[in-house]
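Thanks for coming. I'll go through a few local features, starting with a pair of helices. Please have the structure up on your screens.

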Amino acid sequence: MNRLAGTTSPYLLQHADNPVDWWPWGPEAFEEAKRRDVPVLLSVGYSACHWCHVMAHESFEDEVTAALVNENFVAVKVDREERPDVDAVYMEAVQAATGQGGWPMTVFLTPDAAPFYFGTYFPPEPRHGMPSFPEVLEGVRGAWADRREEVGEVAERIVKDLAGRSLAYGGDGVPGEEELAQALLGLVREYDAKRGGFGGAPKFPPSMALEFLLRHHARTGSEGALQMAADTCEAMARGGIYDQLGGGFARYAVDRAWVVPHFEKMLYDNALLCRVYAHLWKSTGSDLARRVALETADFLVRELRTPEGGFASALDADSDDGTGRHVEGAFYVWTPEQLTEVLGAEDAALAAAHYGVTEDGTFEHGSSVLQLPEGTGPADADRIASIAARLLAAREERERPGRDDKVVAAWNGLAIAALAETGALFDRPDLVERATEAADLLVRVHMDESARLTRTSKDGRAGTNAGVLEDYADVAEGFLALAAVTGEGAWLEFAGFLLDLVLDRFTAEGGALYDTAHDAEALIRRPQDPTDNATPSGWTAAAGALLSYAAQTGSEAHRAAAEGALGVVKALGPRAPRFIGWGLAVSEALLDGPREIAVVGAPGDEAFRELRRTALLATAPGAVLAFGTPDSEEFPLLRDRPLVAGAPAAYVCRHFTCDAPVTDPAELRRKI
């Protein structure tokens, strides 16, 4: 056992038995490097990362390689999901130096934490033009011993370059019609009209861009925007990236046609996509969108919910293939022979045709990823349902992929929003209950008495790392969604506490935002990135939550902060719309108002329930909802909203102007 044995990160614990003498990130490791006068080997990854596992098995579990590391370096292992700030700072350096990045990330640092040599995965022997990891270790050791002055100059230059980078976030003003139209045109140019999605392989689910397209359609009526969103959603749902038996999406597809996934399943992807499909259903009434939203929500609850009521971070890509070997995708793929073994020859033939299982296979070693190829309609829906149930039951007998059980605040916020909305839209109160339980966990375990957040917890025990901007923003987003569907104003209050801390601790001049708080641990650079990656950036997520909170409460300070933060979208939206999709979605809400909907009446009144249901179905971008009795103190939006002639009523306001109250659901529908 090394020093990682006492940590709570599942990723770090995977390395606790390595012969490498790992240290967790902290001042003690760098003090040890100074004492020994050796460089620091920084290795960053996460538990569901396939190539992290490969490098661990090839190098970090190897006694000879470990001895080379231990003799010449202080080795520090970081879980990027626990310390996104550390990951962001050194990834920026890796990308600046090499033009690319990824995980595992391998960086060599001076004892002052300044980087001087970079890489990602290194093989155990030279391969495809890459040096072996032992060669890299020897080269860095030699440079440190014989060319120390040169190493110091390189490190100093890199730190100076990083510190000198200033972010031009767009200056004054918020994005308007012109910028959003240009962003749409940019997405059209990169759209894959044949297969859905944007760009080539590998192809990632463009969750945030899809939200923008749906909101743009709702505001402008653009049929092209809706078609891109709908076709992409259908292509993903039919592809191998979607688990056709158990629901839920894999991280990305390695090909352009969504056939072969990289099999890990992440909480954040599934939370974001669950919400996208629910919103697509609101816009189109699509049966496919409804099915996928509900199946994805059920996957989240069934496979990622923890005993404490939160949601685990990820399922691994690899599992035992039945021979003792851990193989990527083993849990999910099928051969024709395996189908026959479970189903019998006749049903196996139907299953192979329905799910695209071929003799040659669509994956490796003659196995196929299940998909729904075009033209495979359910000729016999009951028979297909029986086949799917039997295959799922048989799959449950296989060894399951590993699960990263840590609860990340930000990603749980995304899951809360998705489950709350999906449960409300499809009359699934159990999903709203699961969202509420996750929110309760965040308040009890992750939030202290001053509303400061801890980034992670495990087994109901808070970790030691402070929350970053995305934690505050996404948890506030989840609480705001929960308030809107439950009518419980406490969640609005909790969101307000978090967003006040965003204003106090994360803001910079002119509306810009930092990813870490003013009093966070000082790194070689304070991270600040407005662009979306796998999740909305903390910057644009904060803008969205601030805008919704302002609409709910009338707070000018929060609206002004949201508008200031959206200056970056004015600059980046027309140039790089794929990478700031959530900022574009928030900008659509800003242009539309967003609309504020207040529904008043008695909870048991059928007319009140009809108005509330109509309000939940609003497609107006970013519309906020409050409902309750006319004398309710739960929501500011309900103040001074009387019944109309004794009947339940709905009030719709935008841009500080309110329409006359309505009592007819059809009239409310036209307004929202």
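Helix 17, residues 429–446, packs with helix 18, residues 469–486, at an angle of about 135°, and their axes are 11 Å apart. The crossing of helix 17 past helix 18 is left-handed.

Which residues make the contact? From helix 17 we have Val 432, Ala 435, Thr 436, Ala 439, Leu 442 and Val 443. From helix 18 there are Val 475, Phe 479, Leu 482, Val 485 and Thr 486. By type, the contact residues of helix 17 with helix 18 come to 9 nonpolar and 2 polar, with no charged. As a reminder, an α-helix has 3.6 residues a turn, so residues three or four places apart point the same way.

Next, helix 19. This helix covers residues 489–505, 17 residues, and runs 25 Å from its first C-alpha to its last, close to the 24 Å expected. Its buried residues are Gly 489, Trp 491, Leu 492, Ala 495, Gly 496, Leu 498, Leu 499, Leu 501, Val 502 and Arg 505. The buried residues of helix 19 pack against helix 17 and helix 18, and also against helix 20 (538–553) and helix 21 (556–565).

Last, a loop. Phe 656 sits between strand 18 (649–654) and strand 19 (657–658). Is Phe 656 buried or exposed? Its relative accessible area is 71%, so Phe 656 is exposed. Phe 656 and Arg 595 are 61 residues apart in sequence, and their C-alpha atoms are 9.6 Å apart in space.

Keep in mind throughout that this is a predicted model.

Notes:
Residues are numbered from 1 along each chain as its sequence is written. This is a predicted model: local features need pLDDT of at least 70, side-chain atom pairs count only at pLDDT 80 or more; totals for chains, interfaces and linings use all residues. Side-chain values use heavy atoms; hydrogens and water are left out. Axes are lines fitted to C-alpha atoms, for helices over the stretch in contact, and angles run from 0 to 180 degrees between N-to-C directions. Helices (H or I, at least four residues) and strands (E, at least two) are DSSP runs, numbered from the N terminus. A crossing is left-handed if the near helix is turned anticlockwise from the far one by less than a right angle, and right-handed if clockwise. Contact means heavy atoms within 4.5 Å. Ala, Val, Leu, Ile, Met, Phe, Trp, Tyr, Cys and Pro count as nonpolar, Asp, Glu, Lys and Arg as charged, and the others, Gly among them, as polar. The expected span of a helix is 1.5 Å times one less than its number of residues. Buried means under 20% relative accessible area, exposed over 50%, partly exposed in between (1.4 Å probe, protein chains only).
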